[in-house]
Amino acid sequence: MILQSRWTETMKWQVILFFSMLSLCYVFGQVSYSVPEEMSKGSLVGKIAQDLGLDLKRLKTGKARLHVGNSAEYIELNKERGVLLIKERIDREALCKQTTPCALHFQMILANPIEFYRVTVEITDINDNAPIFKMKDMVFEISESAVKGSKFILEKALDSDVGINGLKSYSLNPTDNFALKLNDNTDGGKEVEMVLEKPLDREKEEQLTLTLTAVDGGEPQLSGTVQIHVTILDANDNAPVFTQSTYKSSLMENSPRGTQLITVTATDKDEGTNGFVTYSISNNIDGIFDLFEIHETSGEVRLIGNVDYETSKHYQLNIKAKDQGGLSDSCKIIFDITDVNDNSPIIDLMSTTQSVPEDSTLKTVVAVMNVHDADSDDNGVVKCFLNDNVPFNIESTSNSFYSIITDSDLDRERASEYNITVTCSDEGVPSLSSSVTLTLQISDVNDNAPVFERSSYEAYIVENNTPGLSIFTVKATDADWNQNARVSYILEDSSVNGVPVSSYVSVSADSGVIHAVRSFDYEQIKDFHFRVKAQDGGSPPLSSNVTVKIMIQDQNDNPPQVLYPVQTGGSLVAEMVPRSADVGYLVTKVVAVDVDSGQNAWLSYKLQKATDRALFVVGLQNGEIRTIRQVTDKDAVKQRLTVIVEDNGQPSRSATVVVNVAVADSFPEVLSEFTELTHDKEYNDNLTFYLVLALAVVSFLFITCLVVIISVKIYRWRQSRILYHSSLPVIPYYPPRYSDTLGTGTLPHVYNYEVCRTTDSRKRDCKFGRAGSQNVLIMDPSSTGTMQRIQSEKSILDEPDSPLEQKPPNNDWRFTQGQRPGPSGPHMPYGTHIRWTPKNGTRATGGPEVAMGTGPWPQPPTEAEQLQALMAAANEVSEATATLGPGTMGLSTRYSPQFTLQHVPDYRQNVYIPGSTATLTSNPQQQQATAQQATQQALPPPQASAQPEPPKAAQTPASKKKSTKKEKK
């Protein structure tokens, strides 16, 4: 509302028009306007065409424009209406700060002929800025001894507005102890001082808070406030006093940094810390602290920045002197800046002509420029001139404006271009100058039109091309020179099937290359034509055109589409074939089409999969499905055919169709078969899943069983190794393999007596020696063989199929479990087997032999072990012979006192073994002699020591059968 009110007041334009007749027959005018700041974009500034008396047509034909130089463009020209409008919102404070008046200076330039007018737009201020204090709070420390009338310099408020809208007055609240005093400055500003009106008493009040309000004179009135915090101190009752209230000094611009400018002095009558004065700059102007500094204790002012006369012609510093008690005084330092010639003339080319025709008339203006120098007095006076040997001249049209005009006839054949150097120098000491060079081309007359190389063009492009693909190039030439010979290619407006041709192709303006804008589809458009225009750069331009025809080539980009049979997702369609159908019966016909053309649309039909391939055939060209043999009753009712349709493109594309055929004579017969057809896929998928699952389970079980078997084997082997390394005494084991190694025996069978011991027999003192390497020890005194011969026959006895191996006797001669000597019952895990084998065919008269150690041993026993085994066997035989009495069967009582004849039959004389022709005898003399001879003859030769192996339990015929069965398993 405030801005609108201000705008209505300033709408009464004060327009001052100045028209003056200038030299050289050029008429220039000057017009001035006044507008307020902050006007909205597009607001009216002035009717410049009306004010200058110009016709709107002249603005258009003269290509009127505004030239603002290096400054920002705030005003724009509307040539249609002949008015000046606000282009950008104008902030007077940002544009001119405190400078008044604030104005924009620019020129309006017309061409053909060249004319220009000077325009000045004054920017008036509005009250859009409230007074502000740069400090948030002012803090003062004042001694209670401060006398009435003591002054305290306050920070001045800043108001960016000027004139009546600027800062007007201050007010202080409350005013119990202090009053406000305003002092006028030479620059029109006001110094604000707070004067002590009533003595202070620290004992009553140590802190005071005052509010300083600054008010401007605008409408409506704006204000700003700041808090003043006063701390009351003791004892200091004298304030510093400057020797002068105002200091003046001159300063040359561009003075070096660090230059000592002036020294100010303030004295304080107090002593000690209360008389110590410090100096500071109290200005609140932006940038002042970047230019000047003052020594805190000496008061010396130095230059720390660069001062520029063109920026500011004088500077004012407010110096504050303050003692330690909080009392202060102030003074002013005014620096007048002296100008030096430090700015070269600036040449601003306002309008230039790049080229002129060779038939141009004399006094033709080719350039207009503005030259100005920021320096003052003689340092800012400028003169300009051109270089020699050019047919041009420079003339001053008005203050600081120059025009370059033709001075003689131009001939392009003599010189096709000119380099015009303009030099401008000022009159300063030393003189500074600037120069600029213009290149002016002499243009030719445009009298030749471009000519195409052909009268028409044809081009081919394959469909499905990439957008932006280059199709081909048109070429035209122009006989003119330079710009007149520069050919540009333009696509003339036309349509293809109602669509603009620009959506199909584009033409490069420079090279004439025609690009495809879109991807073409042969099935939608096969060809189209358009016209291309070639236009030169002359004025007026000349042109010619040519017709271009584009033909689209087909590509195999569409697969065949099956029209029949229709494939539906929810229902099932089947063709019925009667069982009486003959060979060649037409079942159905697969109909397919391909939207491509030519060879890409040739279709062929093939039978890919069928329930019975021997029943149906598909026509390669026509897609007819026929029977190739007579339908029989054995043929399945449901027949599923998969037909693939392929085109003849490269690469070929295909489509498949499933044809369901029902071999039946009636529909009810088909219905029951095809109700489950839709579930076949799901059933097959489930069946495959279950088969894979079963295979995985079986494989897992097999691997598990294999791991368990290997683990059991390893466990048993480790147990056997533990027993093998045991420190317990070893009980000899006499395996059930016995044979007549010397060929003197008469019994073909083997028989044995078993002597069983208790489970802890391994801990008794009765130990048996081990036989060596499965050797057979012959206890017959009549034997003349040696141990070496017996060892050589060991390998034959060890073979399972050896002819010398004897089978055990029949089971009917053995004792029952209750009749065996020793502990009764099944708890007999350890036992010693003693076998007698008759030799030389004698019955009871032949000496018995004791075969020992025919079982498997890991290594042959040592010589001491063999001797120990032989002696133990001989002792057993002797004891058995000496103690043989009724019912003892020659067994020693050391084994068990229970072995009596009351447990077993009496075999003392002659013992008959069923199933065998062998007879046992109980002759003690014969047995003792035989044992002694065997002891002497059966000593083996020394052998390498062998590691012991744990004894194995004796095998009976029954246990051998069980082990045989396990081995077979």
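In which strand does Q107 lie? Q107 belongs to strand β7, residues 102-110, and the views below, taken from a predicted model, return to this residue in the fifth legend.

The model is predicted, so local features are given only at pLDDT of at least 70 and side-chain atom pairs only at pLDDT 80 or more, whereas totals for chains, interfaces and linings use all residues. Residues are numbered from 1 along each chain as its sequence is written, and side-chain values use heavy atoms, with hydrogens and water left out.

**View 1. The whole protein chain, with eleven helices and 57 strands.** Helices (H or I, at least four residues) and strands (E, at least two) are DSSP runs, numbered from the N terminus. Of the 969 residues in the protein chain, 42% are buried, where buried means under 20% relative accessible area, exposed over 50% and partly exposed in between, with a 1.4 Å probe and protein chains only. Among contacts (heavy atoms within 4.5 Å) between residues at least 6 apart in sequence, 69% join residues at least 24 apart.

**View 2. An open sheet of four strands in the order β25-β27-β30-β29, with antiparallel pairing.** The edges are formed by β25 (346-352) and β29 (392-398), each with a single partner strand, so one side of each has no neighbour in the sheet. From one strand to the next, the twist averages 25°, with axes fitted as lines to C-alpha atoms (for helices over the stretch in contact) and angles running from 0 to 180 degrees between N-to-C directions. Six bridges join β29 to strand β30 (residues 401-406) in the antiparallel sense, two strands being paired if DSSP finds at least two bridges between them, and S398 stands opposite F401 in β30.

**View 3. The largest nonpolar core, of 29 residues.** A nonpolar core is a set of buried Ala, Val, Leu, Ile, Met, Phe, Trp, Tyr and Cys residues joined through side-chain atoms within 4.5 Å. The residues with the most contacts inside this core are V505, F528, F530, V548 and I550, and strands that each supply at least two of its residues include β40 (505-507), β42 (527-535) and β43 (543-553). Leaving aside neighbours within four places in sequence, V505 is in contact with residues that include I471, L491, F520, F528 and F530. Apart from this core lies another, of 28 residues, among them Y33, I90, L110 and V119.

**View 4. The aromatic pair of Y504 and F528.** Rings of Phe, Tyr and Trp (its six-membered ring) pair if their centres lie within 6.5 Å, and planes under 30 degrees apart count as stacked, over 60 as edge-to-face and the rest as tilted. The ring centres of Y504 and F528 are 5.3 Å apart and their planes stand at 45°, so the pair is tilted. Because Y504 lies in the loop between β39 (499-500) and β40 while F528 lies in strand β42, the pair ties together parts that are 24 residues apart in sequence.

View 5. Q107 is buried, with a relative accessible area of 10%. Not counting residues up to four places away in sequence, Q107 touches R65, L66, H67, F116, Y117, R118, M350 and F401.

**View 6. S150 in the loop between β9 (137-143) and β10 (151-153).** S150 is buried, with a relative accessible area of 12%, and touches M194, V195 and L196 when residues up to four places away in sequence are not counted. Between S150 and E197, which are 47 residues apart in sequence, the C-alpha to C-alpha distance is 8.0 Å.
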